[in-house]
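User: Hi! I'm new to this one and could use a hand finding my way around. Can we go through it together?
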Amino acid sequence: MYTPAPHARRPLPLLTGEQIAGLRPSLADVIEYRKSGLSLNWIVGCPLDCGYCVRHLFDNFEMKVPRRLMSDEDAVTALTGHRYFRPHKTPIQLLNRATDPMLPVVKPHLFAVLRALDDQGLTNHVLIITRWRVDAEDCAVLNSFRNLRLTVLVTHSGIDHPAIEPVDSEIAAGSLRTLYEHAERYRTVLYWRPIVPGLNDSQAHLQRARELSAHAHATVFTGLFFRQEIADYYAAHGLPVPYEDTARRKIMPEVAERRILYYFHRPQHAEAPWGALFRKTSCAVAYAHAEADYNGHFGIQELCDICPPAQVERCRGAWVRPDLEEVTAAARELGATGRVEVDERAIIVEGLDEPPRYYLQHGYGFQCHDRSKPHHYRQHGRAPIGWEAENGPTAS
Ligand code: SF4
């Protein structure tokens with residue numbers, strides 16, 4: 001059984017009501033529905049100082065010492081009682097926004113919440129993303145959960161600019177190897193990100209990622225969130241600015257993707273010439289558990305061209321175009337306005353923000369797009385920077 005290190009035995013202090021009132025409301029709200037799952041963030045604060053951290057968006061980057069917004073028990077209740085939570089169905093993410101879940105002082109709380117969810121018999125996917133140290137004892141705990149479908153994604157960028165990423169990538173590499181070596185009931189994914197052309201896509205970086213991918217059940221590659229707050233931080237600290245523009249979605253330029261696919265391609269592997277390499281997080285997680293993608297990316301066929309054939313068949317078998325009348329009723333109940341459509345790629349709605357759209361998407365295993373934010377062919381869900389869309393918008 002897991003025994004926290006002496007310095008980690010004391011529970012993290014709770015923020016006072018006054019302190020919580022001083023946080024951005026979006027940070028004080030412990031639950032956020034994201035594409036990869038319903039995300040529970042009851043601990044905020046991180047000492048790791050990654051320059052591109054999303055905490056810039058919450059004005060929380062200076063909070064280096066993790067603190068709890070509520071008790072672990074209350075966090076579990078908030079999650080399982082959330083209006084969008086469905087037992088056994090809704091994918092869950094834990095502590096992926098404002099701290100690293102494997103920090104020694106955070107980890108006991110992560111394990112307590114996992115235990116409480118597992119003890120309820122829940123079989124939901126749970127995603128944990130870390131770049132910190134994971135040891136064999138941690139793996140034993142992660143293997144001990146009987147019901148949850150657990151995936152530990154290890155962030156590794158290979159960026160060696162100390163002001164952009166002060167944490168040595170070797171730590172993450174070591175964690176990945178340890179996780180993979182000890183995996184029994186959980187799965188581990190190499191989360192290769194953020195890829196920034198000119199910074200971490202040299203031949204040496206690609207070679208390193210390919211070597212590491214042998215120590216993971218799947219690998220997902222993705223780009224950088226480069227919002228205005230992060231651009232401001234780069235400018236204020238004299239860091240090399242990767243893009244002239246900022247964007248709402250992740251930036252993954254076509255040229256970088258081409259280089260990666262070229263490097264990973266091995267024609268002699270007829271079964272899966274790119275290996276277990278994915279563009280989308282949920283695809284990698286689903287593959288690692290031998291299941292169909294819960295985000296219904298199969299409808300966006302150009303995403304599937306690098307996927308192992310057996311996985312393509314799995315997704316094909318599970319992918320069912322939902323009934324328009326039923327979807328319309330469900331969307332209306334959530335507040336959709338205007339016409340609801342279902343085409344060969346996605347459900348298309350108006351007037352719903354991301355949480356209800358993800359609720360529909362995860363419920364049907366079918367993409368759900370906002371008519372006003374069309375996804376372009378071949379740059380699915382990514383920023384247009386570095387791409388020339390070929391066929392124009394697909395959801396209009
Ligand atoms: S077949 Fe397509 S949707 Fe399914 S896991 Fe592969 S890439 Fe993702």
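User: Which residue is the bridge partner of Y191 in β9?
Analyst: That's V220. Keep in mind that we're looking at a predicted model.
User: How do β8 and β9 pair, parallel or antiparallel?
Analyst: They pair in the parallel sense, over 4 bridges. Strand β8 covers residues 187-192.
User: And β9, are its residues buried or exposed?
Analyst: A218 and V220 on one side are buried, and so are T219 and F221 on the other. Both faces of β9, residues 218-221, are covered.
User: What sheet do those strands belong to?
Analyst: An open sheet of 8 strands, in the order β1-β2-β5-β6-β7-β8-β9-β10, with mixed pairing. At the edges are β1 (31-34) and β10 (277-278), each pairing on one side only.
User: How many bridges join β5 to β6?
Analyst: There are 3, and the two strands run parallel. β5 spans residues 92-94 and β6 spans residues 125-130.
User: Which residue in β6 partners Q93?
Analyst: L127 is the bridge partner of Q93 there.
User: Changing topic: what's on the surface in terms of charge?
Analyst: There's a patch of negative charge where D59, E62, E229 and D232 gather.
User: Where does D59 lie?
Analyst: In the loop between β3 (43-44) and β4 (67-68).
User: Why does D59 count as exposed?
Analyst: Because its relative accessible area is 61%, and exposed means over 50%.

Technical notes. Residues are numbered from 1 along each chain as its sequence is written. This is a predicted model: local features need pLDDT of at least 70, side-chain atom pairs count only at pLDDT 80 or more; totals for chains, interfaces and linings use all residues. Side-chain values use heavy atoms; hydrogens and water are left out. Patches are made of residues with over 30% relative accessible area and no salt bridge: like charges are joined within 9 Å, nonpolar side chains (Val, Leu, Ile, Met, Phe, Trp, Tyr) within 5 Å. Accessible areas come from the Shrake-Rupley method with a 1.4 Å probe; for residues, only the protein chains shown count as cover. A salt bridge is a side-chain nitrogen of Lys or Arg within 4 Å of a carboxyl oxygen of Asp or Glu. Lys and Arg count as positive and Asp and Glu as negative; His and the chain ends are not counted. The place of a charge is taken as NZ of Lys, CZ of Arg, CG of Asp or CD of Glu. Buried means under 20% relative accessible area, exposed over 50%, partly exposed in between (1.4 Å probe, protein chains only). Two strands pair if DSSP finds at least two bridges between them.
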